[in-house]
Amino acid sequence: MYCDMETTNDSLNMEFILLGLFPGMKHTSFLVSVILLIYIVALTANSILILLIFVDSRLHTPMYFLLSQLALMDLTLISSTVPKMANDFFSGKRNISRVACGTQIFFFLTMGIAECILITLMSYDRYVAICNPLRYGLIMNHRVCLQMAAFSWAGGALTSLAHTAYALHFPTCGSREISHFLCEVMAILKLACEDISAYEKAVVVTSTVVLLIPLSLILSSYALIFLAVLRMNSPEGRNKAMATCSSHLTVVSLYFGPAILVYMRPSSYHSPKLDHILFMLGAILTPMMNPLIYSLRNKEVKHALKKVLGCYLS
């Protein structure tokens, strides 16, 4: 019994080794450099978007408030993975403590789940704006927007905390190598000494709640929006609504597609290379694409950017 307790304590205090992005791949330095460039663009674009929404009173609307929350989540999401991955690659030190690993899992899952919730609420915002415009100001008031943001952050944090604590309570034995460029729940569980089948079922249940149900609500909202758009008499209003909805659906596919493939595929179909690609799409590329697709091409945001640049240059 004493030996078992000692082994468990050792496993809880041990460090993991992250094998990095596509171990054994040639020209990895070029790929990491591209990812760092994506990180800089994502950092700049999301920061600019948050700044513009904060300083320009014309962007103080429910849609842009929710977009500022999405941009903040994107900044946190990509910052929870890329700096550590780049530091490991250039320094050659790939070890990570169990506490640091748990911290990375917590922030990564929190942002991922919070964004799924927030995007679902954003689709409701668009539904009200297009299908019930006369009551939009009454329904989507400041208090409701704050509640939506708080619910997204809290829902992500609480769900993530439960999964992080439960996944890390398993003792690990044998190899300390994680076949990934970040600490990820399913990769960690492959090192567990105990049977994790019950937890894998819990992951499927959670994925259904935070992925499939929100996705079905989003698609239902946009189906109603498209029907409303088709009944519009104004071609200009119809084109604007269609452009907004198409950009939103593009972001939805970027978020939910990789996440569903990662967490809802049977374990027998998992491969490290495919998982790396999916995580790169969802956790690295998407935070860069969001501000470009969602906002920085909008007339209101362009006008705000010109206004800020004009004040800065004058």
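The lining of the largest cavity has 20 nonpolar, five polar and one charged residues by class. In this classification Ala, Val, Leu, Ile, Met, Phe, Trp, Tyr, Cys and Pro count as nonpolar, Asp, Glu, Lys and Arg as charged, and the others, Gly among them, as polar. The model is predicted, so that local features need pLDDT of at least 70 and side-chain atom pairs count only at pLDDT 80 or more, whereas totals for chains, interfaces and linings use all residues. Residues are numbered from 1 along each chain as its sequence is written, and side-chain values use heavy atoms, with hydrogens and water left out.

**Cavities**

- Two cavities of 30 Å³ or more are found in a search of the whole structure. A cavity is a set of points, on a 1 Å grid over the protein atoms alone, where a 1.4 Å probe fits but cannot get out; lining residues have an atom within 4 Å of a point.
- The volume of the largest cavity is about 440 Å³, a volume being the space filled by probe spheres set on the grid points, which are joined across faces, edges and corners.
- The lining of the largest cavity comprises 26 residues, and Phe108, Leu109, Gly112, Ala259 and Tyr263 are those nearest its centre. Two or more lining residues come from each of helix H5 (98–131), helix H8 (185–189), helix H9 (197–230), helix H10 (235–263) and helix H11 (272–294).
- The second largest cavity has a volume of about 40 Å³. Its lining consists of Asn46, Leu49, Leu67, Leu70, Ala71, Asp74, Asn290, Pro291 and Tyr294.
- Helix H2 (28–55), helix H3 (62–79) and H11 each give two or more residues to the lining of the second largest cavity, and H3 gives the most, with four residues.
- By class, six nonpolar, two polar and one charged residues line the second largest cavity.

**Salt bridges**

- The structure holds two salt bridges, a salt bridge being a side-chain nitrogen of Lys or Arg within 4 Å of a carboxyl oxygen of Asp or Glu.
- Because Asp88 and Lys84 are four residues apart in helix H4 (residues 82–91), they are separated by about one helical turn.
- Asp88 counts as buried, at 3% relative accessibility, while Lys84 is partly exposed, with a relative accessible area of 23%. Buried means under 20% relative accessible area, exposed over 50%, and partly exposed in between (1.4 Å probe, protein chains only).
- The other salt bridge links Arg126 with Asp125, whose closest N and O atoms are 2.9 Å apart. Arg126 and Asp125 are both buried.

**Sheet**

- Three strands form an open sheet in the order S2-S1-S3, with mixed pairing. Strand S2 (95–97) and strand S3 (177–178) are at the edges and have a single partner strand each, so one side of each is left without a neighbour in the sheet.
- Strand S1 (residues 15–18) pairs with S2 in the antiparallel sense over three bridges; two strands pair if DSSP finds at least two bridges between them. Opposite Glu15 stands Ser97 in S2, and opposite Ile17 stands Asn95 in S2.
- The pairing of S1 with S3 is parallel and runs over two bridges, with Leu18 opposite Ile178 in S3.

**Two individual residues**

- Met186 lies in helix H8. Apart from its neighbours within four places in sequence, Met186 is in contact with Glu200, Val203 and Tyr263, contact meaning heavy atoms within 4.5 Å. The C-alpha atoms of Met186 and Val262 are separated by 9.5 Å, although these residues are 76 residues apart along the chain.
- Lys93 belongs to the loop between H4 and S2 and counts as exposed, at 58% relative accessibility. Its C-alpha atom is separated by 8.7 Å from that of Ile17, a residue 76 residues away along the chain.

**Overall chain**

- The chain has twelve helices and three strands; helices (H or I, at least four residues) and strands (E, at least two) are DSSP runs, numbered from the N terminus.
- Of the 314 residues in the chain, 45% are buried.
- Among contacts between residues at least 6 apart in sequence, 79% join residues at least 24 apart.

Conventions: On a 1 Å grid over the protein atoms alone, a cavity is a set of points where a 1.4 Å probe fits but cannot get out, and a pocket is an open set with protein on both sides within 12 Å along at least five of seven lines; lining residues have an atom within 4 Å of a point.
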